[in-house]
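Biologist: Before we use any label on this fold, I would like to hear what each one rests on. Could you show me the sequence and the structure?

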Amino acid sequence: MRAADVLGRVILVTGKEEFLGARTVDEVKAAVREHDPEAEFADSPAADLTLASLGEMSAPSLFSAVRCVVVRGLENLPDESVDGLLGYAAAPADEVALVLVHGGGQKGSGVLNKLRKLKTVTEHKSEELRPSDFPGFVANEVRRYGASIDREAADVLIEAIGRDLRSLAGAASQLTNDFPGERISEAQVRRYFGGRAEAKSFAVADAAFAGRGQVALEELRWALDAGTASVLITSAFAGSARGLARLVSAPRGMRDADLAREVGVPPWKLRSLREQARGWSEAGLARAVRAVAQADADIKGAASDASYALERLVLTITALRTR
């Protein structure tokens, strides 16, 4: 983003994804600061905004004519301030960057619609990401720091970190700092983030349902040694069984997007599910579900040795798939 894109203009930031909205605000500020290191900055909630206060914030000072004004919570703008804001937005000061932040939802949509019609307004949407958007987000984050990442590595990072954008961005920054300019692989991601309990649990379940019994047992021992709760492991098995059952019973010929909704997983997860589904029948999966339920009961008190119950679950699942 350049100073020419923001000075003398109104930047409208809309949407519920707070991280993306905050990043846009930071980019505007950075562009203004790069243009003029002495630029002044002001920040105000829209609920407190009046034409007088807007004029005061945007007026040149004794030290600098260049200013950046951020107004947050545009949905809470008082009715009596709407006309004044629209009047300013139609003819903003040349040396001022005005950023209006709307948190999403219907409240204040009338003001948004009027602002969008003005030629001086540029909108940046920060909508919540769909499940299929997260790998692309990770790849873009890594690219921001001059590196790249394999699709499989991005998928593993999402499974390990979750779908909090701020956490994913931080993880991408850490990886690119340790592997500058490199193409980040799945092995590198697992080395740094494979210790997450949830990731370890799914690693055990994925290996078992893929029929890789030895790998699944090794993953199980590592998970238990690392302190992963037994209930997280049976939960991962239950999730895998449900996903595979939905995939095996889904109608043929569906598009990936529709199939992902039918199965209840993000589209990027379909690839690994399809690989696991080879060798599974509906009857086999029904037996697998019962085995998972029994193991879950065992670790919650029905059996005296939770680790043995989990090992038996791994062997049962891999044996069912082999048949």
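Predicted model: local features only at pLDDT ≥ 70, side-chain atom pairs only at ≥ 80, totals over all residues.

Modeller: Residues are numbered from 1 along each chain as its sequence is written, and side-chain values use heavy atoms, with hydrogens and water left out.

Biologist: What makes β2 an edge strand?

Modeller: Strands here are DSSP runs of E with at least two residues, helices are runs of H or I with at least four, and both are numbered from the N terminus; two strands pair if DSSP finds at least two bridges between them. The open sheet has five strands in parallel pairing, ordered β2-β3-β4-β1-β5, and β2 (40–45), like β5 (121–125), pairs on one side only, as an edge strand.

Biologist: Why are the buried residues of α9 said to line one face?

Modeller: Buried means under 20% relative accessible area, exposed over 50%, and partly exposed in between, with a 1.4 Å probe and protein chains only. In α9 (residues 186–193), Gln188, Val189 and Phe193 are buried. Seen down the axis, these residues fall within an arc of 105 degrees, so they line one face of the helix, the arc being that of the directions from the helix axis to the C-beta atoms. The face turned away from that buried side carries the exposed residues Ala187 and Arg191.

Biologist: Why is the contact between Glu18 and Arg166 called a salt bridge?

Modeller: The term requires a side-chain nitrogen of Lys or Arg within 4 Å of a carboxyl oxygen of Asp or Glu. For Glu18 and Arg166 the N to O distance is 2.7 Å, so the pair meets that rule. Glu18 lies in helix α2 and Arg166 in helix α8 (residues 165–178), so the bridge ties together parts that are 148 residues apart in sequence. By this rule the count comes to eleven salt bridges.

Biologist: How do you know whether Arg312 and Asp298, which also meet in a salt bridge, are buried or exposed?

Modeller: Their side chains meet at 2.6 Å, N to O, with Arg312 in helix α16 (residues 306–322) and Asp298 in helix α15 (residues 282–302). Asp298, with a relative accessible area of 5%, is buried, while Arg312, with 37%, is partly exposed.
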